[in-house]
Amino acid sequence: MANTIQAIRGMHDVLPEQTPLWQYAETIIRDVMAAYGYSEIRLPIVEKTELFKRSIGEVTDIVEKEMYTFDDRNGDSLTLRPEGTAGCLRACLEHSLLNGQVHRLWYYGPMYRHERPQKGRYRQFIQLGVETYGMAGSDIDAELILLMDRLWKRLGIRDKVRLQLNSLGTIEERKAYREELVVYFQQHLDALDEDSQRRLHTNPLRILDTKNPAMQDVVAKAPELMAFLGDGSRQHFQGITSVLEGLGVPYEINPRLVRGLDYYGKTVFEWVTDELGSQGTVCAGGRYDSLIEQLGGKANYAVGFAMGMERLLALMETLDTIVLAKPVDVYMVRVGTQAERAGLQFAEALRTAVPALKIQVNIDSGSFKSQFKKADKSGADYAIIIGDDEAGRGEVSIKSLRDEQGQQTLPNSLAIAFFQNYLASRK
Ligand code: ATP
Ligand code: MG
């Protein structure tokens, strides 16, 4: 390995034995998005640095210390997207999708943050993002939560996650709260770490979001934002909780949930788990109406969230209930020169007739015995065996690799019917 090149720290390969679980989750995600009438949008991975500075906020972890920013050959400052909300909104504004229209969108792909790599925290990670535009009513906030509730159930991990909710109110309400918060933290200055002391005047709400265990006590006793909410914000929040209660979706109110990004207002929520140590937030989002004007659009409404796929997969890996599709159904063993040609032809005919059947053909001959070992190892249910005799007669032999059914030799057409039945009975 002396001279091989390694991947970048915190950026991981997903190896073939891991991809079936990813694909399983991705299929369910697509299904659930479709069930709510959401459309997929595909966005660039690189955007102008300015976009993230303007949207996420200069005084946030992401912009201060996590972005992969570089000058391209023209000297323009570009950034590998650390999240998808800014790019999604940028695209919708650029293509005039928000003029009097309602949109429900989702995207899926890699995000980049220069963080300290650890379990559940990587420098390249995959997010599912969901963004909705043009809807003021709290029912859309509730719909996003119901959609995730359904997704957890379909993925089999509903009992591993809990919903936490809070309201950040309006800009004015937050301003009043912010003043009171600064007064409180000034009274407890020695309890604040260096980061928080610096944030006291730039972004004091972010102090509530600290992960420093030594600060949990001072944060727990801080004044709560809920007390500063006006009627409009209260009604919006109650609109959500009454839908959840009506449908029996449990939630917890977490008054210290503020989210790390600047653009949220009113609703914020997180789905958290106790099973992943300190990387316990699997999915997070909220309402961010004000970002639209901040990025140059006309006043409008926006609610969305993002889910971390690696954290989701870590939860799913603990399940023993998931049955994953096997990569191979049928493994073809070919012995003899004529058989090699006839085998390829039959495999093609079988793929045409039974498109869903997964057929792997042994290449680079080898003895019957060594080919048969590979057939067993492939995980296939059946081996198709073809020698020169069978080839000459237009026949193949089929042998079950899962039980002692013995071997049967069939004309090609009946062998095709055999595998049609096999697939039909498996469904
Ligand atoms: P955290 O508090 O864990 O740093 P965050 O508030 O920075 O998360 P968001 O920006 O809201 O996270 O991203 C939404 C989700 O994306 C997170 O809940 C998490 O599941 C996932 N996520 C964020 N950063 C990472 C990362 N570095 N590695 C893996 N997943 C991540
Ligand atoms: Mg973070």
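A salt bridge is counted here where a side-chain nitrogen of Lys or Arg lies within 4 Å of a carboxyl oxygen of Asp or Glu. In this predicted model, Asp61, Glu64, Lys65, Asp195, Arg198, Arg199, Arg206 and Asp209 are linked in a network of such salt bridges, and the count by this rule comes to 31.

**Salt bridges**

- Asp195 pairs with Lys65, their closest N and O atoms being 3.4 Å apart; because Asp195 belongs to helix H7 (residues 194-202) and Lys65 to helix H3 (residues 61-66), the pair ties together parts that are 130 residues apart in sequence.
- Asp195 counts as partly exposed at 30% relative accessibility, and Lys65 is likewise partly exposed, at 46%.
- Arg158 forms a salt bridge with Asp149, with 2.5 Å between the closest N and O atoms, and both of these residues are buried.
- The side chains of Arg393 and Glu395 meet in a salt bridge at 2.9 Å, N to O, where Arg393 is exposed with a relative accessible area of 53%.

**The open sheet**

- Eight strands form an open sheet of mixed pairing, in the order S1-S5-S6-S11-S10-S9-S7-S8; strand S1 (39-40) and strand S8 (252-253) stand at the edges with a single partner strand each, so one side of each is left without a neighbour in the sheet.
- Strand S7 (residues 162-167) runs antiparallel to strand S9 (residues 267-272) and is joined to S9 by six bridges, with Val272 in S9 as the bridge partner of Arg162.
- Helix H4 (residues 85-94) packs on the sheet, touching strands S5 (103-112) and S6 (124-133), and the direction of H4 makes about 45° with that of S6.

**The S3-S4 hairpin**

- Strands S3 (residues 68-71) and S4 (residues 77-80) run antiparallel and are joined by four bridges, with Leu78 in S4 as the bridge partner of Phe70.
- Five residues lie between S3 and S4 in this hairpin, and Gly75 in the turn has a positive phi of about 85°.

Terms used. Residues are numbered from 1 along each chain as its sequence is written. Chains are lettered from A and ligands numbered from 1 in the order in which they are written. This is a predicted model: local features need pLDDT of at least 70, side-chain atom pairs count only at pLDDT 80 or more; totals for chains, interfaces and linings use all residues. Side-chain values use heavy atoms; hydrogens and water are left out. Two strands pair if DSSP finds at least two bridges between them. Helices (H or I, at least four residues) and strands (E, at least two) are DSSP runs, numbered from the N terminus. Contact means heavy atoms within 4.5 Å. Axes are lines fitted to C-alpha atoms, for helices over the stretch in contact, and angles run from 0 to 180 degrees between N-to-C directions. Buried means under 20% relative accessible area, exposed over 50%, partly exposed in between (1.4 Å probe, protein chains only).
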